[in-house]
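Dear colleague,

I am handing over the structure below, followed by my notes on what I found in it. Please read the notes with the coordinates open beside you.

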2 protein chains.
Amino acid sequence: MSKIGILGTGNVGDTIGSRLIELGHSVTMGSRTNNNEKALAFVAKHGDKALAGTFAEAASFGEIIFNCTKGLGSLDALHMAGENNLKDKIIVDVSNPLDFSQGMPPSLTVSNTDSLAEEIQRAYPSSKVVKTLNTMWAGLMVNPNLINNGDHTAFISGNDTDAKNTVKEILVSFGWIDKNIIDLGDITTSRGTEMYLALWVRVMASLNTGSFNIKIVS
Amino acid sequence: MSKIGILGTGNVGDTIGSRLIELGHSVTMGSRTNNNEKALAFVAKHGDKALAGTFAEAASFGEIIFNCTKGLGSLDALHMAGENNLKDKIIVDVSNPLDFSQGMPPSLTVSNTDSLAEEIQRAYPSSKVVKTLNTMWAGLMVNPNLINNGDHTAFISGNDTDAKNTVKEILVSFGWIDKNIIDLGDITTSRGTEMYLALWVRVMASLNTGSFNIKIVS
């Protein structure tokens, strides 16, 4: 069991944090302040294995860090977390650089020849950024069995093979079928999964639900 | 049966043109010159129902036009086809704005807040641009049964509902299952399917084949 720091107390952070605690890990939920209402509610709900703190406290606590902040605020949150607290650690990046300022559907703030995951990797070169799970609704990230008997696809991108293997083990503990986790390669392949969001938001609008995913068939 | 003009004599144009002839349609393959080798080979292969000509001759011939040119050359090819020859017609756009100038994987020449399909629609406002099939290898476009018993997903985008229904009928004649053709909405939703290419090229590299597709599961 690991000590995990979660940056971001929104729906994604709460969903992932709750599932990690259910699986026996210890979690500190990090936010801008150490008295964030959602983080305190998370602690009240989960008890002993849950803590709330600042981004820096969550990052310091975690052996593994999950970036569950909104993409627009991710670099800022990581800056507040502090380089020393992120040093040499795995950063699991599930965020997307969505820009809702022009309404729905959102566009991306970075894409095509760069990605948010690459920006994070460049900002924290000693950290091992692993991009994954950003292609679906939070509920499915941690409970793939909610649809299609768990038989659908997750992607993983990152420069460090050991780090990707560690994250794959967490995904398998969530219920992901090993063969359905497609390793796309290095962190630049995050461009693919982040740009897929442009399709995801439109499929969501067409199906009128976020509870779907893609399955690669061949 | 329809008279169909195909712009582009590459693999995509040849694959779609051959299938349309197999289904009983008449096809003119259009290219820059009226003596394009691939177009002449197409005519030699298919006989009576096949013709070769310039982009303008193919567009003039077609009641429906398929844009199968490389995305970088699409606007130029349509310009050579001529506005009068495209007027009020359905343009089925299967192209992608891929830029290979920096090597593999390609980036997109237009994305995020615009798309190639929208550029085409703006250039030819009386035409009915329908974006479809651009999310997969040409072989699957016209023979979805090649994988997973034909059970996977195609998308369709366009401003004109009747035009989309006409194109859907062609897709069903190719073997597509009606419920697997997801109507994403107006032509701006082409941003989603074009940007998905950034994921497609990386999945292709990871699987080492282009013979795959996505199936939406929920």
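Strand E2 (residues 26-31) of chain A pairs with E3(A) in the parallel sense over five bridges, where two strands count as paired if DSSP finds at least two bridges between them, and where helices (H or I, at least four residues) and strands (E, at least two) are DSSP runs numbered from the N terminus. Within that pairing, A:Met29 has A:Ala52 in E3(A) as its bridge partner.

Before going further, a word on conventions: this is a predicted model, in which local features need pLDDT of at least 70 and side-chain atom pairs count only at pLDDT 80 or more, while totals for chains, interfaces and linings use all residues. Residues are numbered from 1 along each chain as its sequence is written, and chains are lettered from A and ligands numbered from 1 in the order in which they are written.

The E2-E3 pair belongs to an open sheet of eight strands in chain A, with mixed pairing and the order E3-E2-E1-E4-E5-E8-E9-E10. Its edge strands are E3 (50-54) and E10 of chain A, each of which pairs on one side only, and neighbouring strands of the sheet are turned by 25 degrees against each other on average, direction ignored. For angles in general, axes are lines fitted to C-alpha atoms, for helices over the stretch in contact, and the values run from 0 to 180 degrees between N-to-C directions.

Further along the sheet, strand E5 (residues 90-93) of chain A has a partner in strand E4 (residues 64-67) of chain A, which runs parallel to E5(A) and is joined to it by four bridges, with A:Asn67 opposite A:Asp93. E5(A) also pairs in the parallel sense with strand E8 (residues 128-132) of chain A, again over four bridges, and here A:Ile91 stands opposite A:Val129.

Helix H1 (residues 11-22) of chain A lies across E1 (3-7), E2, E3 and E4 of chain A, running at about 165 degrees to E2(A). H9(A) packs on the sheet too, touching E8, E9 (154-158) and E10 of chain A, and its direction makes about 135 degrees with that of E9(A); contact throughout these notes requires C-beta atoms, placed from the backbone, to lie within 7 Å.

As for helix against helix, the axes of H4 (residues 71-81) and H6 (residues 116-123) of chain A come within 11 Å and cross at roughly 10 degrees, which makes H4(A) roughly parallel to H6(A) (angles under 35 degrees count as roughly parallel, over 145 as roughly antiparallel, 65 to 115 as roughly perpendicular and the rest as oblique). In this contact A:Gly71, A:Ser74, A:Leu75 and A:Leu78 in H4(A) meet A:Leu116, A:Glu119, A:Ile120 and A:Ala123 in H6(A). By class these are five nonpolar, two polar and one charged residues, where Ala, Val, Leu, Ile, Met, Phe, Trp, Tyr, Cys and Pro count as nonpolar, Asp, Glu, Lys and Arg as charged, and the others, Gly among them, as polar.

Turning to the interface, 33 residues of chain A are in contact with 33 residues of chain B. The elements of chain A that give two or more residues to this side are E7 (107-108), E10 (181-185), H9 (190-207) and E11 (213-217), and H9(A) gives the most, with 11 residues. That side of chain A divides into 14 nonpolar, 15 polar and four charged residues.

In chain B, B:Ile6 lies in strand E1 (residues 3-7) and is buried, with 30 other C-beta atoms within 10 Å. B:Ile6 and B:Phe66 are 60 residues apart in sequence but 4.8 Å apart in space, C-alpha to C-alpha.

Finally, chain A as a whole has nine helices and 11 strands, and 50% of its 218 residues count as buried.

With best regards

Definitions and conventions:
Two residues are in contact if their C-beta atoms, placed from the backbone, lie within 7 Å. A residue is buried if 20 or more other C-beta atoms lie within 10 Å of its own, exposed if 12 or fewer, and partly exposed in between; C-beta atoms are placed from the backbone.
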